[in-house]
Each structure stands twice: as C-alpha cells, then as structure tokens.
Amino acid sequence: GGPVAWSPRGDLILVVQYLIYRSEGGGLPSYLLGQVAVGTNSFDIPAGTPIAPEIAVFTVSQFSMQGSGSTVAISDTDKSATAVFFGDIDVVNGEIGGGVGW
C-alpha cells in the first residue's frame, strides 16, 4: 500500500470523479481500488493490495469513463536504513514521541 497522486490537466468541467485501478499493463483497468471526487488528486492504496505492473487513474464524466487512463509503473522495493536514531521526547510513561532520523 501507499499513496498515489496525480496532477490534473486540461478542462475538468465535465469530470465528476476519478477511478483508481490496478492495471496489468497498457493502461487497461483490471481491479478497482477506489474512487475519489474531482479536486482530490491523491488516493491511498490499501496495505496488502496485490502488486500489479501499473496503477491507472481514469476520469469519469457525467456521461462515461475515459477510454484510457493515465498510468504509473509500480516499483515495489525494500530498503534498509542504517544509523537510525530516535530521541523520545514524550514524558508520559508507556508512550513515545519524537522524530526518527538516519
């Protein structure tokens, strides 16, 4: 999971929402992840969502869905951090607070 965001282009007067799909390639929708209203230009992909080659965002007008979506390739990577430090600034016993750095 994680966030996906986009910058709308062109005239959005007739657009009423965005549909966010997993895509197996070529911008073709394969599984609807969710929908957001126009003016909301991001979506949080739920944790545990099966990986796909792309995420596709489609506009929907009051008449129909866009024929082809805008896509972004997914890169599922795992990274490690070294020299991690954390200074607990919360004074309540049993709670933590503060920044993490590396």
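Reply: The count comes to two aromatic pairs, where rings of Phe, Tyr and Trp (its six-membered ring) pair if their centres lie within 6.5 Å, with planes under 30 degrees apart called stacked, over 60 edge-to-face and the rest tilted. In the pair of Trp6 and Tyr18, the ring centres are 5.2 Å apart and the planes stand at 65 degrees, so this pair is edge-to-face. Because Trp6 lies in the loop between strand E1 (2-5) and E2, while Tyr18 is in strand E2, the pair ties together parts that are 12 residues apart in sequence; strands (E, at least two residues) and helices (H or I, at least four) are DSSP runs, numbered from the N terminus. Trp6 and Tyr18 are both buried, a word that stands for under 20% relative accessible area, with exposed for over 50% and partly exposed for what lies in between (1.4 Å probe, protein chains only).

The pair of Tyr21 and Phe58 is also edge-to-face, at 5.5 Å from centre to centre and with 80 degrees between the planes. This pair links distant parts of the chain, since Tyr21 belongs to strand E2 and Phe58 to strand E5, 37 residues apart. Tyr21 has a relative accessibility of 13% and therefore counts as buried, and Phe58 is buried as well, with a relative accessible area of 0%.

This is a predicted model, in which local features need pLDDT of at least 70 and side-chain atom pairs count only at pLDDT 80 or more, while totals for chains, interfaces and linings use all residues. Residues are numbered from 1 along each chain as its sequence is written, and side-chain values use heavy atoms, with hydrogens and water left out.

Now to the surroundings of these rings. Trp6 and Tyr18 belong to the largest nonpolar core, which has 10 residues in all, including Val4, Ile20, Leu33 and Phe43; such a core is a set of buried Ala, Val, Leu, Ile, Met, Phe, Trp, Tyr and Cys residues joined through side-chain atoms within 4.5 Å. Strands E2 (15-23), E3 (29-37), E4 (42-45) and E5 (54-61) are the elements that give two or more residues to this core. Apart from it lies another core, of five residues, with Phe58 among them, as well as Leu19, Ala56 and Val60. Phe43 is in contact (heavy atoms within 4.5 Å) with residues including Trp6, Ile20, Leu33 and Val36, when its neighbours within four places in sequence are left aside.
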